[in-house]
Amino acid sequence: MGIDINCSCCAGIEDKQIFYFRRKLLDALREYVKNENYEKELKYLNWLYRDDEEDKDRVQSITDEERIEAKELLKEKDLDGLFFWICLEEEDVITPYQAGRFLKTYDKIKDYIHERFLNLSIIRHCYGKGHNLICW
C-alpha cells in the first residue's frame, strides 16, 4: 500500500511511497535529535507519537508555543525536510525545493535508518532535474 509518484516531465520516472517508511524516517529523526540532545525538538517529536500507547517516550500534550518553537528549531537545523514526505497524500505535488530540504535532513539522519530507503532516487531526480513529482 502506498502513493504512486510520477515525474511531471519525464516519462518512465515513477515510484511508490511505501507507508512503512514514513514511520522509519520519523523514528530515525527522533533518534538523531535524541542523540544530539535537542530537548525542545525531541519533545515535539515525542508528541507526534502521542497515539502510540506502546511508545514509552511519547508526550501527551504540548503547548502551541512549544510546537512552533520546535518546528522553527528543526528548520534552522535543516531537520524539517522529512515532514512533507511523512504527511504525503494523493494529489500532492512534490517540488524541487521540498526535495532539497528532504535531502539535507536525510543526509543528517541516514545513519539512523537501519535499512535502505527505497525512494531516494526519485527524490534526487526531483531535486537534481528541477522537476515536480505528482502523487496519485
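**Exercise 1. Find which helices the buried residues of α3 pack against.**

Solution. The buried residues of α3 pack against α1 (20-35), α2 (39-48) and α4 (83-86), where contact means heavy atoms within 4.5 Å. This is a predicted model, in which local features need pLDDT of at least 70, side-chain atom pairs count only at pLDDT 80 or more, and totals for chains, interfaces and linings use all residues. Residues are numbered from 1 along each chain as its sequence is written, and side-chain values use heavy atoms, leaving out hydrogens and water. Helices (H or I, at least four residues) and strands (E, at least two) are DSSP runs, numbered from the N terminus.

**Exercise 2. Work out which residues of α3 are buried and where they lie on the helix.**

Solution. Start with the names: Ala70, Leu73 and Leu74 are buried in α3. Buried means under 20% relative accessible area, exposed over 50%, and partly exposed in between (1.4 Å probe, protein chains only). Next, look down the axis of α3: its buried residues fall within an arc of 100°, so they line one face of the helix. That arc is taken from the directions from the helix axis to the C-beta atoms. Finally, turn to the other side of α3, where Glu65 and Glu76 are exposed.
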